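Dear colleague,

Please find the structure we discussed below.

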Amino acid sequence: MFSDRIPSDLRHNRLAETLADLKRANQPILDLTASNPTRAGISYARDLLTPLADPRGLVYAPEPLGLREARQAVAADFARRGLPVTEEQIALTASTSEAYSLLFKLLCAPGDEILIPRPSYPLFDHLSRLDAVSAVPYELEYHAKWSVDVASLERGFTARTRAVLLVSPNNPTGQFIDPSEMAAIAELCREHDAAVISDEVFADYALASPGAPSGRLLGDVGVVGFTLGGLSKSIGLPQVKLAWIVLSGPADSVADARARLELASDTYLSVSTPIQLAAAELLERGAGVRQQIQTRVRDNYRTLHARAGEVPSCELLHAEGGWYGVLRVPSIVAEEDLVVTLLAEDRVLVHPGYFFDFPHESFLIVSLLPPAEQFLDGVSRILSRFDHVSDRP
Ligand SMILES: Cc1ncc(COP(=O)(O)O)c(C=O)c1O
């Protein structure tokens, strides 16, 4: 009866089962996978969401790509980051995940291919599969810093490739795409008549201050591009559901893409009117939340750097931005056994590298979002497992 867009095996993995057991037994754990800013001890003004009560929201007058005033508010937010865009370039969606789904519909017939980075965000497998698109990985490599293996990207192109997806800074490896990588990717896309989808949801979260000015697709006028962002990360409000796509590239192609996206968006009209009317004020009021998250992730990254530096068998991989840290640890047991043991015995929840498709073991991924003391406690519990291991990973 059911399609294979949704996997038939929906059983939980061992880590999720162990977690469920501990929760049932009311056992406290330190959750270093937490990436929900609304439950991370960030303070939100109690009246932050009052702009959602604008009485104009009582009237329904939908615009498929979003109300002009909301698109203007998003354009103003790009101007804050020094990136000039017009409201005509913007399409609103309820989330970045929904933006992906619309773009896959815009660009791909069933069975067409998109190139996705590896390691990266695990949701891409589901997002592509749900839209009957085939996700083909290209490799990222680490030599003191992460970079795109452009040769592997080039090898990935086929007659069915419709887009290259990049994440800048990437989740979880944390590198911004640099201008020379962007130029190489754009060149390959032009050659193969493919688009670039640039997920920049973490663009505001450079781990060093001032942040890297690189890592942005906007500005390359030669390739059809779609830049993604949203309130979920930019002001820590995943629950209010507003995200955006910025179209860029040759004017004719952008106009064509816009007209087609308009039809697709008109079919769903999923962005609520109250959030669109509140967008300008929320983007302004949310700056304080963003600053708290920036401080949190930078402080925790510094803590992680210092603590990992004390354990010779472990290494913190260099990250430039985002909400995650990647620890390379000795492969004393399989990654899955390691994370299950850390949870069951040390009561620390972390993600294993294989969740993100790291090419080999052993890596642990920690969220930089938890409150500082919990973060330090969790990291110390993890690292103490490797205190007496002499080999460098
Ligand atoms: C790289 C990346 N893109 C998109 C998203 C999802 O954003 P949204 O809540 O807007 O769907 C996430 C969430 O963690 C993410 O890590």
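In which helix does Leu130 lie? Leu130 belongs to helix H4, which covers residues 123–130. Please note that this is a predicted model.

Leu130 has a relative accessible area of 43% and is therefore partly exposed, since that class lies between 20% and 50%. Together with Ile6 and Leu10, Leu130 makes a nonpolar surface patch of about 310 Å².

The aromatic side chains form a second topic. The count of aromatic pairs comes to 10. One of these pairs joins Tyr121 and Phe124: the ring centres are 5.3 Å apart and the planes stand at 90°, so the pair is edge-to-face, a class that requires over 60 degrees. The two partners may be described by their accessibility. Phe124 is buried, at 3% relative accessibility, whereas Tyr121, at 29%, is partly exposed.

A further pair is formed by Tyr142 and Trp146, with 5.2 Å from centre to centre. The planes of Tyr142 and Trp146 are 55° apart, and the pair is tilted. Tyr142 is buried, with a relative accessible area of 18%; Trp146 is likewise buried, at 5%.

Ring pairs also link residues into a cluster, which consists of Tyr100, Phe104, Tyr121 and Phe124. Tyr121 and Phe124, described above as an edge-to-face pair, are thus named again in this cluster.

Finally, there is a contact between a charge and a ring. The charged end of Arg81 sits over the ring of Phe78, at 5.0 Å from the ring centre.

Yours sincerely

Definitions and conventions. Residues are numbered from 1 along each chain as its sequence is written. This is a predicted model: local features need pLDDT of at least 70, side-chain atom pairs count only at pLDDT 80 or more; totals for chains, interfaces and linings use all residues. Side-chain values use heavy atoms; hydrogens and water are left out. Rings of Phe, Tyr and Trp (its six-membered ring) pair if their centres lie within 6.5 Å; planes under 30 degrees apart count as stacked, over 60 as edge-to-face and the rest as tilted. Buried means under 20% relative accessible area, exposed over 50%, partly exposed in between (1.4 Å probe, protein chains only). A charge sits over a ring if NZ of Lys or CZ of Arg is within 6 Å of the ring centre and within 35 degrees of the ring normal. Patches are made of residues with over 30% relative accessible area and no salt bridge: like charges are joined within 9 Å, nonpolar side chains (Val, Leu, Ile, Met, Phe, Trp, Tyr) within 5 Å. Accessible areas come from the Shrake-Rupley method with a 1.4 Å probe; for residues, only the protein chains shown count as cover. A salt bridge is a side-chain nitrogen of Lys or Arg within 4 Å of a carboxyl oxygen of Asp or Glu. Helices (H or I, at least four residues) and strands (E, at least two) are DSSP runs, numbered from the N terminus.
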